[in-house]
Amino acid sequence: MRGNYAKLYLHLVWATWDRLPLITPELRVPIYQALHEQANRTGCEMIAVGGIQDHVHVLLKMPTTVSIAEIVKSLKGGSTHVVTHAVQRGSFFKWQGSYGAFTVSRTHVPMVRAYVLNQERHHRENRLSRTLERMSEH
């Protein structure tokens, strides 16, 4: 092999501060756009983003040149900045410090993508995946 080859897929999930319902309908689009932009800045390819009022799921393809911690820091920081400095200046918006990170095999990407994109329906119908909703072992 002459060059590096990597197809690394990552499913991330994290919550708002104290699981408060901070992701309002007005903030959803700007937050998701900010997550897309930050993913691009870190060299990631955003595959899907979805969530409900108190948490968000992200599925992306990540490069080998950046750590998971750097990706999450960029996604959380960039989206918080957009809310508190552009969309609702001075408002309270904060993510919890913890997050869940799961590797995804290429064959499972379509299933995880559908799960991420249909978060509202899964929560409304109480059809949740324990594995894909877990944010920590505690």
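**View 1. Surroundings of Leu-75 in the predicted model.** In this predicted model, Leu-75 touches Leu-12, Trp-14, Leu-35, Gln-38, Ala-39, Val-58 and Leu-60, when residues up to four places away in sequence are not counted.

**View 2. The largest nonpolar core and the elements that supply it.** The largest nonpolar core has 24 residues, and those with the most contacts inside it are Leu-12, Ile-31, Leu-35, Val-58, Leu-60 and Leu-75. Two or more residues of this core come from each of strand E1 (8-15), helix H1 (25-41), strand E2 (45-52), strand E3 (55-62) and helix H2 (68-87). Among these elements H1 gives the most, with five residues. As a general point, nonpolar side chains in soluble globular proteins tend to be buried together.

**View 3. The four-stranded sheet.** Four strands form an open sheet in the order E2-E3-E1-E4, and their pairing is antiparallel. E2 and strand E4 (100-104) are the edge strands, each of which pairs on one side only. Neighbouring strands of this sheet are turned against each other by 15° on average, with direction ignored. Helix H1 packs on the sheet, where H1 touches E1, E2 and E3, and the direction of H1 makes about 155° with that of E2. Helix H3 (residues 109-117) also packs on the sheet, touching E1, E2, E3 and E4, and the direction of H3 makes about 40° with that of E2.

**View 4. Strand E3 and its two partners.** Which strands pair with E3, and over how many bridges? E2 and E3 pair in the antiparallel sense over seven bridges, and E1 and E3 pair in the antiparallel sense over eight bridges. E2 and E3 form a hairpin with two residues between them, and within this pairing Gly-51 has Val-56 of E3 as its bridge partner. Leu-59 in E3 has His-11 standing opposite, and Ala-48 likewise stands opposite Leu-59. Seven of the eight residues of E3 are buried, so this strand is largely enclosed by the rest of the structure.

**View 5. The aromatic cluster of Trp-14, Phe-93 and Trp-95.** The structure holds two aromatic pairs, and ring pairs link Trp-14, Phe-93 and Trp-95 into a cluster. Trp-14 and Trp-95 form an edge-to-face pair, with 5.7 Å centre to centre and 85° between the planes. Trp-14 lies in strand E1 and Trp-95 in the loop between H2 and E4, so the pair ties together parts that are 81 residues apart in sequence. Phe-93 and Trp-95 form an aromatic pair that is also edge-to-face, with 5.0 Å centre to centre and 85° between the planes.

**View 6. The protein chain as a whole, for orientation.** The protein chain has five helices and four strands, and along the sequence these follow the pattern β-α-β-β-α-β-α-α-α. Of its 138 residues, 45% count as buried. The accessible surface of the protein chain comes to about 8000 Å², and 51% of that surface belongs to carbon and sulfur atoms. Among contacts in the protein chain with a separation of 6 or more, 70% are accounted for by residues 24 or more positions apart.

Methods:
Residues numbered from 1 in each chain as written. Predicted model: local features only at pLDDT ≥ 70, side-chain atom pairs only at ≥ 80, totals over all residues. Heavy atoms only, no water. Core = buried A, V, L, I, M, F, W, Y, C linked by side-chain atoms within 4.5 Å. Buried < 20%, exposed > 50% of the residue type's maximum accessible area, 1.4 Å probe, protein only. Contact = heavy atoms within 4.5 Å. Pairing = 2+ DSSP bridges. Axes fitted to C-alpha atoms, helices over the stretch in contact; angles between N-to-C directions. Areas by Shrake-Rupley, 256 points an atom, 1.4 Å probe, with all protein chains shown as cover. Phe/Tyr/Trp six-rings, centres within 6.5 Å; stacked < 30°, edge-to-face > 60°.
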